[in-house]
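Morning, everyone. Please have a look at the model first.

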Amino acid sequence: MDSGVRAMVEAVDEARRQLRENALPKARESGRDKVPEGEEAALLRALAELVESAGELVGVMAEQMTTNATCRTYAVAGRRLRDEANNLRGDEKLAAERVK
């Protein structure tokens with residue numbers, strides 16, 4: 001594997017590992033109190049930024065794919081991820097407005 005691709009794969013794997021080892025256990029804690037209203041938007045913002053970053057990576061890599069079919073796959077995936085990041089940002093704004 002090309003060292004640049006290996007570094008990207010390792011970075012994505014590390015982000016996934018961090019989520020699974022740190023965020024998910026916190027979210028799954030039994031008996032966890034409800035999230036305070038003032039904090040609801042913060043997680044949506046963080047998720048939007050994560051999804052947006054993934055979309056950026058996929059979008060940049062689309063141009064570097066060898067086959068047209070794979071290039072299209074990456075381009076579509078990048079667009080979908082960016083769209084979902086925008087959806088999350090909209091939801092974040094709504095959550096923040098509810099607290100005002």
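I'll take the pockets one at a time.

This is a predicted model, where local features need pLDDT of at least 70, side-chain atom pairs count only at pLDDT 80 or more, and totals for chains, interfaces and linings use all residues. Residues are numbered from 1 along each chain as its sequence is written, and side-chain values use heavy atoms, with hydrogens and water left out.

What is a pocket? On a 1 Å grid over the protein atoms alone, it is an open set of points where a 1.4 Å probe fits, with protein on both sides within 12 Å along at least five of seven lines; lining residues have an atom within 4 Å of a point.

The largest pocket has a volume of about 470 Å³ (the space filled by probe spheres set on the points, which are joined across faces, edges and corners). Its lining has 17 residues. Nearest the centre lie Ala23, Ala27, Arg32, Val35 and Leu43. Two elements give two or more residues each: α1 (3-28) and α2 (40-62). Helices here are DSSP runs of H or I, at least four residues, numbered from the N terminus. The largest share, 6 residues, is from α2. By class, count 11 nonpolar, 6 charged and no polar.

Now the second largest pocket. About 230 Å³ of space lies there. Its lining includes Val12, Leu19, Leu50 and Val58. Again, α1 and α2 each supply at least two residues. Which helix gives the largest share? That is α2, with 5 residues. The classes split into 7 nonpolar, 1 polar and 1 charged. Ser53 and Arg16 are also in this lining.

Key. Nonpolar A, V, L, I, M, F, W, Y, C, P; charged D, E, K, R; others polar.
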